[in-house]
Amino acid sequence: MSQRAFPHLSFYCALFLPLLFIHHVFASTSSPQVQTLNTKPDIINPKLPPRALSSSKKFEGSSDLVQLRYHMGPVLSSAPINIYLIWYGRWANSQKLLIKDFIHSISPSAVAAKPSVSDWWRTVSLYTDQTGANVSRSVLIAGEYVDSAYSHGTGLTRLTIQQVIASAVKSAPFPVDHKNGIYLILTSQDVTMQDFCRAVCGFHYFTFPSMVGYTLPYAWVGNSGKQCPEVCAYPFAVPGYMGGGGPGELKPPNGDVGVDGMISVIGHELAELSSNPLVNAWYAGEDPTAPTEIGDLCEGLYGTGGGGGYIGQVMRDRRSRTFNLNGKRRRKFLVQWIWSPELKACAGPNAMD
């Protein structure tokens, strides 16, 4: 449910799933027109694990002990999934464009080289409801609301974030979209959030009628660029205690550590909201207030050979910028893998096995 901070300090449910360094992605400070990306990029793994591990086709977060179960609730199966963006704080247009390009890249109609963001979302679309209807592959930005006046202050909590949504629903005005909608709140780098950096980099839930007037699925993701990039924008920033003892920081694909870091968190939360919008559909564990969801199972895994502190094999362009997915407008992104209900393992379209 939440993309947790410091997952590299513990092990995932005491299974073979080491909770790895959290990943999230930044908005671009350079336009896609000036990118000169190699059509045949290098394949790299900053710290490849022993061959005995990486040769296993299901090493990447797999385990027969993972009990991901369906709890009979809805998934977002109606097309399209409508994303209502709430920009809280001050955002550069280049940052907004980068995030919107990622969201636009999810739908299969988006033209992109392989491995693509749309291919990545195909794993999310494997999840179904009790009628057999799959999570929709079509995702649309249905509206935007800008709150650059920080109407609820620069320090938010899990409750005041719902007040931000209420303001947007009343003022935008956004429609009340119970069936297809996701309300995505993105806070700028000068906004603090309860548990941000310490315990979470993003989270999702649903609004309370007493706060907003309606029950609506929502997600929050913060820009960690100034507050904790080494926590929430890993591997584009590295904790100081890792100096010399592990892989160095990687170059973000769009040159913005904060927003390039957010994008993987956004992908994580959108995948979980689509497969578990009311926290009664797809998750592991017995406690619905703290579920382990399809993104949680694969935190820190970006490619083949990942696990145990390794991000896996990813790609690098001729400017040494690191990515694993292609988007529209020739964008590049580094986004975590998602748990596949078919493979019973973490999966991504850049898999090498």
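Visitor: Is Tyr150 buried or exposed in this one?
Guide: Tyr150 is buried, since its relative accessible area is 11%, where buried means under 20%, exposed means over 50% and partly exposed lies in between, computed with a 1.4 Å probe and protein chains only. This is a predicted model, in which local features need pLDDT of at least 70 and side-chain atom pairs count only at pLDDT 80 or more, while totals for chains, interfaces and linings use all residues. Residues are numbered from 1 along each chain as its sequence is written, and side-chain values use heavy atoms, with hydrogens and water left out.

Visitor: What's the phi of Tyr150, and where does Tyr150 sit?
Guide: Tyr150 has a positive phi of about 50° although it is not a glycine, and it lies in the loop between β7 (139–147) and β8 (155–156); strands here are DSSP runs of E with at least two residues, helices are runs of H or I with at least four, and both are numbered from the N terminus. Most residues other than glycine have a negative phi, and most peptide bonds are trans.

Visitor: Which peptide bonds are cis, then?
Guide: The bond from Lys114 to Pro115 is cis with omega near -5°, and the bond from Tyr234 to Pro235 is cis with omega near 10°. Pro115 belongs to the loop between α2 (93–104) and α3, whereas Pro235 belongs to the loop between α6 (229–232) and α7.

Visitor: How many residues of α3 are buried?
Guide: Seven of its eight residues are buried, which leaves α3 mostly covered, and among them are Trp120, Trp121 and Val124.

Visitor: How do α3 and α7 cross?
Guide: The axes of α3 (residues 117–124) and α7 come within 10 Å and cross at roughly 35°, where axes are lines fitted to C-alpha atoms, for helices over the stretch in contact, and angles run from 0 to 180 degrees between N-to-C directions. The crossing is right-handed, that is, the near helix is turned clockwise from the far one by less than a right angle. Trp120, Trp121 and Val124 of α3 make the contact with Gly267, Leu270, Ala271 and Ser274 of α7, contact being heavy atoms within 4.5 Å.

Visitor: And the largest nonpolar core, how many residues does it have?
Guide: It has 78 residues, and Trp121 and Leu186 have the most contacts inside it; such a core is a set of buried Ala, Val, Leu, Ile, Met, Phe, Trp, Tyr and Cys residues joined through side-chain atoms within 4.5 Å. Helix α7 (residues 257–275) supplies the largest share of this core, eight residues.

Visitor: How far is His204 from Tyr218?
Guide: Their C-alpha atoms are 5.6 Å apart, although Tyr218 and His204 are 14 residues apart in sequence. Tyr218 lies in strand β12 (residues 217–222), and it counts as buried because its relative accessibility is 2%.

Visitor: Which stretches have pLDDT below 50?
Guide: Residues 7–39 do, with 145 contacts in the model beyond near neighbours in sequence, and residues 48–62 do, with 33 such contacts.

Conventions:
pLDDT = per-residue confidence, 0-100.
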